[in-house]
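Here's a quick tour of what packs against what inside this chain. Have the viewer open as you read.

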Amino acid sequence: METIPVLPPPATESPTPWNWARKNLFSTWYNSILTVLCLIIAFQAIKGIIVWATTKAQWHVLEANLPLFFAGRFPRDSYWRLWIVTGIIALLGGLTWGNIQRQERLWNPPLLIILGAAVVGAVISPIDLTSRLYLLGIIIAAAASYVIGRQINRNPPSPPLSKGGLGGVSWMPAMWALSFPIILWLIKGGLGLTEVSTNDWGGLVLTLFLAVISIVLSFPLGVLLALGRQSSLPVVRLLSTLYIEIIRGLPLIGILFLGQVMLQLFLPPEYPKLDRVIRAIAGLTLFSAAYLAENVRGGLQAVPRGQIEAARSIGLNTPLLTILIVLPQALRIVIPAIGGQFIGLFMDTSLLSLFGMLELIGISRAVLANPSYIGRYAEVYIFVGIIYWIFCYSMSLASRKIERTLGVGQR
């Protein structure tokens, strides 16, 4: 028998940036030409943006109207209430994120970059010294609560229905729920504080309020509609299906128009006029719940039939079967879709500017209507776009982290 010689393993190139570029960007002559052309176009575009931002853009429009973008017409002598609200959210957010991250490194590079950028932004921001100190204090409090959150329930038992589990954060929703009445009291006033009309709410405060309340209300409503559409009771299934299909067949701007303009025309004259913020929340909630219901229904259909049969075999009734077995698995499956739905709802709040509400886009239009700032569209909308991107990307990061923690998509 012929002896086959033992050959050495094939030589591999060291993973240097040059080797990667030669393999992926300059592998052939036409790839090299395309790479060079793309680099030239990118260089010219970046150069043009930098030249415009440093020599032509008039950023004073942002510096002069910064309080409007964040608080609208909220009374200046009550700004301390908004700082307290920001501090509460930062503390709870730090505790929650630290508890979720408790099994990973304390200070990973992306987190250090975000923290450093926040500190630098607070130092160089065009605001008064008192506001800078407030902002730096909130950043420090958020970092401290992040460290504390990592130490809470560090090695919890994993829930049986999740891979990895959220463990210690099971008490976090209760803390967020308890904080909501306090936040609403600080913003709205009353009970010892000067009451601030919702007509004076605006900017980022109003945008976040509309988005958060609509998200919190639309989630349980969407779950109930999904369960109703899967119900064995014909009346419940029919009503749920009609609601979902009718709402999904209407554009959001039409629903907001009905709520902001037409609703009062159908009510009796003696009926008190509903607050426009409440009407806006109702429109966003009803619209988002219909789409969320279909996302959750997809998760319900993905739960293996054997899970349901096994639960029935041990004597679980329908409510316990749904709450303990079906819903946890269904919601875990559709976390990516739910995250995308919530991001879309946050951005949909910008449509309310068409009805005179001074959220972020509405306050931007009000600023640009000032004769002193006519033509400063690029500066204003770039700034507003960055704010939207920060919040939407943060929601996306949180959604992906929850997916990894629960092992979504992993075998």
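Which residues does Leucine 210 touch, not counting residues up to four places away in sequence?

The partners are Val277, Ala280, Ile281, Leu284, Thr349, Leu352 and Met357, where a contact means heavy atoms within 4.5 Å. Before going on, a word on the source: this is a predicted model, so local features need pLDDT of at least 70, side-chain atom pairs count only at pLDDT 80 or more, and totals for chains, interfaces and linings use all residues. Residues are numbered from 1 along each chain as its sequence is written, and side-chain values use heavy atoms, with hydrogens and water left out.

Helices here are DSSP runs (H or I, at least four residues), numbered from the N terminus.

## Ring pairs

A search of the whole structure turns up 12 aromatic pairs. To pair, rings of Phe, Tyr and Trp (its six-membered ring) need centres within 6.5 Å; planes under 30 degrees apart are stacked, over 60 edge-to-face, and the rest tilted. Phe69 and Phe383 are edge-to-face, at 5.3 Å centre to centre and 70° between the planes. The pair links helix α3 (residues 60-71) with helix α16 (residues 377-406), 314 residues apart.

Phe257 and Phe355 make a tilted pair, 6.5 Å centre to centre with 45° between the planes. Phe257 counts as partly exposed because its relative accessibility is 39%.

Is Gln341 buried or exposed? With a relative accessible area of 16%, Gln341 is buried. Found in helix α14 (residues 335-348), Gln341 touches Ser288, Tyr291, Leu292 and Asn295, leaving aside residues up to four places away in sequence.

Tyr291 also has Arg248 over its face, 5.7 Å from the ring centre. That label requires NZ of Lys or CZ of Arg within 6 Å of the ring centre and within 35 degrees of the ring normal.

Methods. Helix = DSSP H or I, 4+ residues; strand = E, 2+ residues; numbered from the N terminus. Buried < 20%, exposed > 50% of the residue type's maximum accessible area, 1.4 Å probe, protein only.
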